[in-house]
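Below is a set of numbered notes on the model, for reading alongside the coordinates. They start from the database annotation and then turn to the domains, the ligands and the local backbone.

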Amino acid sequence: MHVTLSPSSVRGTARAPPSKSYTHRAILAAGYADEATVHDPLWSADTKATARAVEAFGGDVLRAGDDRLEVSGFDGRPAVPENVIDCANSGTTMRLVTATAAVADGTTVLTGDESLRSRPQGPLLEAIDDLGGQAFSTRGNGQAPLVVTGPVSGNRVSIPGDVSSQYVSALLMAGGLLEDGLEIALETELKSAPYVDVTLEVLEDFGVAARHTDDGFAVDGGQSYQAAGGSYHVPGDFSSISYLAAAGAVAGDESVRVRGVYPSAQGDSAILEALECMGADVAWDREEGVLEVSRSDLEGVEVSVADTPDLLPTIAVLGAVAEGDTHITNAEHVRYKETDRVSAMAEELGKMGVRTTEERDSLTVHGDDSSLEGAAVDGRGDHRIVMSLAVAALQAEGETRIAGGEHVDVSFPSFFDVLYDLGASLERSA
Ligand SMILES: O=C(O)C1=C[C@@H](OP(=O)(O)O)[C@@H](O)[C@H](O)C1
Ligand SMILES: C=C(OP(=O)(O)O)C(=O)O
């Protein structure tokens, strides 16, 4: 699907979509449990992949209306899947579920789409080997398809933290089922660290004891998952909120209000600080869960995305609109996503007349030298590239045509409907 956008101003109220990260974890935690109801889940291409995986291990995920999943779990004993698990485009699914496979008594095969089959899984495979399981990439390159044989039995493992935090989240979630639990020592500094805090929060909500340690994380053994009152509620998604907030900052005529914006462990709430540092007009009522952002003159800033890789495309677009340079640092791990998002944003914004300087670990957007012009751009099959380019299009001169608009179904399926309702002028075509 192509989406063609014309310069527009936006205003009005939208609802924050539910968090993808919390939904993945809640579905899998409910799978590890006997049963649980997940309220307000994100039902998107990626979270459906996790639901299918839970079913492959012997659970059942029933969609009981738009706002509820009834999950019958496999109660800590994943069955050996009858077929290959297709994780589609979802890195979170592949990492979380590879660790589930490591506690099953037998062999699981996992694969995904072309993008997912190019992403790094090697450190997690090695950790499973070190714990006495067998895990390998069929191509021997640390990428899916993966073959994982469990059960693992060790109780201490070390892993790098600078490729993906999802390895740690995966091992923590599975580790509670092991007899002796699991200590995870980090071999490097941890990138995307707040996502592990999201995992710890969900574990706590499902009654599983886990914690930070001096050199990493630990989870006690022999635990069972149980949600308090049998229910779990998913909060709003700050990565998705970032596009709505950015739309308000670059094109918010009166203002853009987002409802359902409550504090949680999500690092991507840092988008609000970044916006404020750039000079945007941001008001967040944490009690009421209402965020309000309106158009202002933005100035370039330096922002580290060490903790918040998914914000890079949004911040790059804000930098294109801002005066001066926006220097996005600690960004190497942003290259290991659905696409290499550092290069993708440099190249696609380049088509729109934006000058950038790309280094291995950083992206600088030269706002002063840029005049944002409409262009034919490619979403690279990556939901976040598509959504951030759509925000850029609101401010660009002339029409912007984005290829691959359908990929928003990965994390924010109603994105273009919401943007349209806020006043964006857009048309979808084949
Ligand atoms: O655990 C999670 O839910 C996620 C962790 C992050 O990945 P990395 O830890 O691989 O950086 C993030 O980019 C991804 O969108 C979601
Ligand atoms: C990188 C992302 O997700 P995942 O790792 O689950 O594919 C994302 O949503 O931006």
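1. Annotated range. The unreviewed UniProt entry gives the annotation "domain: Enolpyruvate transferase" to residues 7–419. The model is a predicted one.

2. Domains. The protein chain is divided into domain 1 (2–17 + 236–429) and domain 2 (20–219 + 229–233). Their C-alpha centres lie 29 Å apart. To the contact, domain 1 gives 17 residues and domain 2 gives 19 residues. The side of domain 1 that touches domain 2 has seven nonpolar, six polar and four charged residues.

3. Ligand 1. The shell around ligand 1 consists of Ser 21, Thr 92, Ser 164, Ser 165, Gln 166, Ser 169, Lys 191, Ser 192, Tyr 195, Pro 309, Asp 310 and His 333. By class these are two nonpolar, eight polar and two charged residues. Ligand 1 lies between domain 1 and domain 2, because both give residues to its shell.

4. Ligand 2. Around ligand 2 are Lys 20, Asp 46, Ser 90, Gly 91, Thr 92, Asp 310, Lys 337, Glu 338, Arg 384 and Ser 411. This shell has no nonpolar residues, four polar and six charged. Ligand 2 also lies between the domains, since domain 1 and domain 2 both give residues to the shell around it.

5. Under "binding site", the unreviewed UniProt entry lists Lys 20, Ser 21, Arg 25, Ser 164, Ser 165, Gln 166, Ser 192, Asp 310 and Lys 337. Among the residues around ligand 1 are Ser 21, Ser 164, Ser 165, Gln 166, Ser 192 and Asp 310. Those around ligand 2 include Lys 20, Asp 310 and Lys 337.

6. Three serines of the annotated site. Ser 21 is in helix α1 (residues 20–32) and counts as buried, because it has 30 C-beta neighbours inside 10 Å. Beyond four places in sequence, Ser 21 touches Thr 92, Tyr 195 and Val 198. Ser 165 sits in the loop between β10 (156–159) and α5 (166–175), and is buried with 25 C-beta neighbours inside 10 Å. With residues up to four places away left out, Ser 165 touches Leu 190, Lys 191, Ser 192, Ala 193, Tyr 195 and Val 196. Ser 192 belongs to the loop between β11 (182–186) and α6 (194–205) and is buried, with 24 C-beta neighbours inside 10 Å.

7. Backbone points to check. Most residues other than glycine have a negative phi, and most peptide bonds are trans. Ser 192 has a positive phi of about 55°, and Asp 40 has one near 50°. Asp 40 is in the loop between β3 (35–39) and α2, and is buried with 20 other C-beta atoms within 10 Å. A cis peptide bond, omega about 5°, joins Ala 144 and Pro 145; Pro 145 is in the loop between β8 (134–137) and β9 (146–149). The bond from Gly 150 to Pro 151 is cis as well, with omega near 5°, and Pro 151 is in the loop between β9 and β10.

8. Nonpolar cores. Which members of the largest nonpolar core touch the most other members? They are Ala 245, Ala 247 and Leu 312, out of 75 residues. Helix α7 (residues 238–251) gives the most to this core, ten residues.

9. Met 345, in helix α10 (residues 341–351), is buried, with 34 other C-beta atoms within 10 Å. Not counting residues up to four places away in sequence, Met 345 touches Leu 312, Pro 313, Ala 316, Leu 363 and Ile 385. Thr 50 is in helix α2 (residues 45–56) and is buried, with 26 other C-beta atoms within 10 Å. Apart from neighbours within four places in sequence, Thr 50 is in contact with His 24, Ile 27, Leu 28, Thr 93 and Leu 96. Thr 50 and Asp 86 are 36 residues apart in sequence and 9.4 Å apart in space, C-alpha to C-alpha.

Methods. Residues numbered from 1 in each chain as written. Chains lettered and ligands numbered in written order. Predicted model: local features only at pLDDT ≥ 70, side-chain atom pairs only at ≥ 80, totals over all residues. UniProt positions renumbered as here; feature names shortened; annotations may be inferred. Helix = DSSP H or I, 4+ residues; strand = E, 2+ residues; numbered from the N terminus. Buried ≥ 20, exposed ≤ 12 C-beta atoms within 10 Å, placed from the backbone. Contact = placed C-beta atoms within 7 Å. Near = placed C-beta within 6 Å. Nonpolar A, V, L, I, M, F, W, Y, C, P; charged D, E, K, R; others polar. Domains from an automatic or database assignment. Core = buried A, V, L, I, M, F, W, Y, C linked by C-beta atoms within 7 Å.
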